[in-house]
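User: I'd like to go through the charged side chains here. Can you take my questions one at a time?

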Amino acid sequence: MRRIVILGATGSIGGTCIKAIREHKLPLFVSGVVANSSPALESIAAEFSCPFLYMRNHDGNDLRNFLSSIDADIVLNGIAGSSGLEATLTALDLGFDVALANKESIVLGGEYLFSFASEKGRRIIPVDSEHSCLYSLINAFDNVSRLIITASGGPFYERKDTSHVTLEEALAHPTWKMGRKITIDSATLANKGLEVIEAGYLFGFEAKNISVTVHRQSVVHSIVQLGNGAYYAQLTPPDMTLPIVSALADGKIELKDIVRPLDFGNLTLTFGPWSKEQFPLLDAAYKALEKRHGYPILFNMSNEVAVNAFLDGRIAFDDIARVVLKCMDEDFMVPVRNYEDTKALMARAVEKADGLVAAIDNSR
């Protein structure tokens, strides 16, 4: 029986995990659950007879004290956004392996996160569907030379003019059901940019050896190319259950019938290019990974500010890219050695992005 703690238990990742445990009767013992204030958290804790924590304002001390009292093998970090990094570092520091669905942890802390985990003798196991797939394929082959990450293309892949996009349109993702922020990121392909940065740090690949291809069906989750030129991929329906459960199981429990079968007699798979002009944020993410240092932090935080401003109705959809690209002109070629360095750069990036958002908002 694997003992787990779920951070972000009431969110999309946490909800999928709980549903999988319940429906598949998985040998996963829920030792504790954490979320922002929500009545649903108490219901989850009661169902699994486990302690819970309302992590109001993402209080790091409360989380540290809570995790210190929990007996578990692995922590599932399903917290959304930049606040997830501190939770990841706390879990590692306290001696837990981390099943990581919070890609921002790697984007923000990639310069030191993996060395910190190594020092603590802990492992980071990816939960993103694309990176879960790559993790499995890279572990299966010795000579992977290129990573190919698939993107659905979001709701606007075939729409060239996005100047009048509404919030409802941007939240209408064609294949995935996700939280609001990540859904907007998928519409701009900023989410795919974050995944490119994540893959670079997670697997030790340079930006030039990571490709993105648009795959509208979201059945092929990622592809690897071997040194001999052959390609290998993983195919499953668009469902986060397998990546989550695989990370938590970590090869220590047998998984059966987690994925519903594909109908190969009635299956069409297509792949296509993406345009730098149409999706400039994905291009900006590549440049951030090439430069490294503080640029991934700048990309992540400026995008987070801009997306939240769009969700609040303060800026238009196209302004998201304008804010981020303007921020990327800043000089962030500085060392990122620890969480304190990250926090300082996060604050600097937010200040710059907030100023740009305010200027746009005031001019409307």
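User: Is Asp185 buried or exposed?
Analyst: Asp185 is buried, with a relative accessible area of 1%; buried means under 20%, exposed over 50%, partly exposed in between (1.4 Å probe, protein chains only). This is a predicted model, in which local features need pLDDT of at least 70 and side-chain atom pairs count only at pLDDT 80 or more, while totals for chains, interfaces and linings use all residues. Residues are numbered from 1 along each chain as its sequence is written, and side-chain values use heavy atoms, without hydrogens and water.

User: Which residue forms a salt bridge with Asp185?
Analyst: Lys181, with the closest N and O atoms 2.6 Å apart. A salt bridge here is a side-chain nitrogen of Lys or Arg within 4 Å of a carboxyl oxygen of Asp or Glu. Lys181 is buried too, at 18%.

User: Where do Lys181 and Asp185 lie?
Analyst: Both are in helix 9 (residues 180-188), 4 residues apart, about one turn of the helix. Helices (H or I, at least four residues) and strands (E, at least two) are DSSP runs, numbered from the N terminus.

User: How many salt bridges by this rule?
Analyst: The count is 22. One of them joins Asp93 to Lys120 at 2.8 Å between the closest N and O atoms. That pair links distant parts of the chain, 27 residues apart: Asp93 is in helix 4 (residues 84-93), Lys120 in the loop between helix 6 (113-119) and strand 6 (124-126).
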